[in-house]
Amino acid sequence: MTQQVDAPRRAPLTRDRVLRAAVDLADGTGIDALSMRKLAQALGVVPMALYKHVANKEELLDGMLDVVVGEIDPPATGTDWQHAVRQRILSARRALLRHPWASRVLESRTAPTPVVLQYMDSMIGMFRTGGFSVDLTHHVMHAMGSRILGFSQELFGTAPPSGAPVDAQVARHMAERYPYITEITTQVAHDDASVVGSGCDDQFEFEFTLDLLLDGLERLRRRDWTSRPG
């Protein structure tokens, strides 16, 4: 008698499995290289099988963002609003740093998903239960902007590589025409891994600005600040 050996069963294809595989693929190859065909290959299925779980590439991207947002820690309990908000925003930043493509996809969305809306609603709730009025909370969300989701949008995203030679004549021209820009760029410490090139330590600048905002917001909260005249 020949002994029959059962072949290992492949895990069933689910929406969650599709989305997590897409996240892994984007983490490894970049978001620009992600395609439904490559995702199907990674999962060992035909491309048409994916469309039972995501209608198109845009729905796939929305779902991938939901996976990333789902990695953000829930609100901390037993602490003041400022510490709790700071912790959660830095958790969001860690999630986005694990998935460098996510901030670009967030910026490209025309409408938030229910998961992102739930996160935003929860963040607003942290300010409201922390003693902020509806009026002040409204302005808080404008002031915080993308930092609520753990990233900041820089004015300029390109800079010359660190250590790159600079033409002396160009340098003199820059110093004469833009003396304060030159002063800053030649005298501050730089981080080669920064998303703004040889610009700044991204994590330090993010936390520096976040703390400035949170300290200022606490002062406004204590004053019962309102935007209404009188």
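## Salt bridge between Glu71 and Arg98

In this predicted model, the side chains of Glu71 and Arg98 form a salt bridge, with an N to O distance of 3.1 Å. Glu71 sits in the loop between helix 4 and helix 5 (81–98), while Arg98 belongs to helix 5, so the pair ties together parts that are 27 residues apart in sequence. Glu71 has a relative accessible area of 26% and is therefore partly exposed. Arg98 is also partly exposed, because its relative accessible area is 45%.

## Other salt bridges

Helix 5 takes part in another pairing. Arg86 forms a salt bridge with Glu207, and the closest N and O atoms are 2.9 Å apart. Since Arg86 lies in helix 5 and Glu207 in helix 11, this pair ties together parts that are 121 residues apart in sequence. Arg86 counts as partly exposed at 25% relative accessibility. Glu207 counts as partly exposed at 23%, where the limit for a buried residue is under 20%.

As a general point, side chains of opposite charge can pair when their charged atoms come close.

## Helix 1 against helix 4

Two packed helices are described by the angle between their axes and the distance between the axes. For helix 1 (residues 15–29) and helix 4 (residues 57–69), the axes come within 9 Å and cross at roughly 85°. An angle of 65 to 115 degrees counts as roughly perpendicular, so helix 1 is roughly perpendicular to helix 4. On the helix 1 side, the contact is made by Arg15, Val18, Leu19, Arg20, Ala22, Val23 and Ala26. Helix 4 contributes Glu59, Leu60, Gly63, Met64 and Val67. Sorted by class, the residues of this contact are 8 nonpolar, 1 polar and 3 charged.

## Helix 8 against helix 11

Helix 11 (residues 202–222), which carries Glu207, also packs against helix 8 (residues 134–144): their axes come within 11 Å and cross at roughly 165°. Angles over 145 degrees count as roughly antiparallel, and helix 8 and helix 11 are therefore roughly antiparallel to each other. Their crossing is right-handed.

From helix 8, the residues in contact are Leu136, Val140, Ala143 and Met144. They meet Leu210, Leu213, Leu217, Leu220 and Arg221 in helix 11. The contact of helix 8 with helix 11 has 8 nonpolar residues, 1 charged residue and no polar ones.

## Overall fold

The protein contains 11 helices and 0 strands. Along the sequence, the pattern reads α-α-α-α-α-α-α-α-α-α-α. Of the 230 residues in the protein, 34% are buried. Among contacts between residues at least 6 apart in sequence, 71% join residues at least 24 apart.

Conventions
Residues numbered from 1 in each chain as written. Predicted model: local features only at pLDDT ≥ 70, side-chain atom pairs only at ≥ 80, totals over all residues. Heavy atoms only, no water. Axes fitted to C-alpha atoms, helices over the stretch in contact; angles between N-to-C directions. Helix = DSSP H or I, 4+ residues; strand = E, 2+ residues; numbered from the N terminus. Parallel < 35°, antiparallel > 145°, perpendicular 65-115°, else oblique. Left-handed = near helix turned anticlockwise from the far one by under 90°. Contact = heavy atoms within 4.5 Å. Nonpolar A, V, L, I, M, F, W, Y, C, P; charged D, E, K, R; others polar. Salt bridge = Lys/Arg side-chain N within 4 Å of Asp/Glu carboxyl O. Buried < 20%, exposed > 50% of the residue type's maximum accessible area, 1.4 Å probe, protein only.
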